[in-house]
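Student: Could we go through this model together, one question at a time?

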Amino acid sequence: MTTRVTAAAPPGAAATAPDTSAPGAAATGRDAILLAARRAFTQRPYAEVTIRGIAADAGVSASLVVKHFGRKEQLFNTVADFGPAAEELFDAPLDGLGRHMVLTLVHRRREQKGDPLLRVVFSLGNHDERSLLRDRFHEQVTARLTDRLPGRERALRAELIAGHLIGLGATLSLHREGAGSRATAEHLADLYAPALQSLVEG
């Protein structure tokens with residue numbers, strides 16, 4: 001399969017690229033690369049994604065992408081890793097897990113400007129390498145949660161909980177300027193967490 005090379009950044013883009021010599025610029029550049037890579041890998045077939053295209057979207061040089069992540073395969077593996085997000089989301093006692101998951105998701109979205117789970121939605125209906133996103137999600141999120149839950153129908157309840165979390169992220173993304181954006185994380189948890197907690201407890 002041939003790989004289509006994405007066009008380089010337009011003239012003048014270098015002038016707006018981050019100053020990687022400034023304090024904290026390395027972390028900022030890495031974050032920008034990850035955001036661009038998530039967009040690329042979830043919206044286009046793997047073979048059509050290029051390091052040059054990701055770099056142009058992130059506003060950095062292709063060499064910086066390689067420095068941080070190496071080859072395209074390594075960058076994809078980083079994007080497809082839900083493990084750290086799952087560890088953070090599920091790091092609470094079962095009797096308060098529903099509320100913890102809502103608070104964690106909302107805080108992460110607002111503080112890190114990204115949703116820990118929502119990118120898996122873009123893999124739906126695709127049959128190329130993006131199916132790895134679904135496989136990783138099942139292994140690192142749904143199956144991990146299944147192992148934590150007590151009682152009957154644990155796998156079904158874990159899938160429904162994951163759906164609730166993805167739905168919350170999608171709703172907050174869809175209504176970026178809506179009522180949810182003005183509500184505190186605690187108030188969102190007051191309204192949303194009881195449904196999750198009922199699924200946790202079975």
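Student: What percentage of the 202 residues of the protein chain count as buried?

Tutor: This is a predicted model, in which local features need pLDDT of at least 70 and side-chain atom pairs count only at pLDDT 80 or more, while totals for chains, interfaces and linings use all residues. Residues are numbered from 1 along each chain as its sequence is written, and side-chain values use heavy atoms, with hydrogens and water left out. Buried means under 20% relative accessible area, exposed over 50% and partly exposed in between, with a 1.4 Å probe and protein chains only. For the 202 residues of the protein chain, the share that counts as buried is 41%.

Student: How many helices and how many strands does the protein chain have?

Tutor: Helices (H or I, at least four residues) and strands (E, at least two) are DSSP runs, numbered from the N terminus. The protein chain has zero strands, and its helices number eleven.

Student: How far apart are the end C-alpha atoms of helix H8?

Tutor: The expected span of a helix is 1.5 Å times one less than its number of residues. Helix H8 (residues 131-148) has 18 residues and should therefore span 26 Å, which agrees with the distance between its end C-alpha atoms, 25 Å.

Student: At which residue does H8 bend?

Tutor: The bend at a residue is the angle between axes fitted to the seven residues ending there and the seven starting there. In H8 this angle is about 35 degrees, and the residue is histidine 138.

Student: With which residues is isoleucine 161 in contact, leaving aside its neighbours within four places in sequence?

Tutor: Contact means heavy atoms within 4.5 Å. With those neighbours left aside, the partners of isoleucine 161 are Met101, Leu145, Leu149, Leu196, Leu199 and Val200.

Student: At what angle do helix H7 and helix H9 pack?

Tutor: Axes are lines fitted to C-alpha atoms, for helices over the stretch in contact, and angles run from 0 to 180 degrees between N-to-C directions. For helix H7 (residues 97-112) and helix H9 (residues 154-174), the axes lie 11 Å apart and the packing angle is about 35 degrees. The contact includes Met101 and Leu105 of H7 and Ile161 and Leu165 of H9.

Student: Is glutamate 153 buried or exposed?

Tutor: Glutamate 153 sits in the loop between H8 and H9, and has a positive phi of about 50 degrees although it is not a glycine. Most residues other than glycine have a negative phi. Because its relative accessibility is 56%, glutamate 153 counts as exposed.
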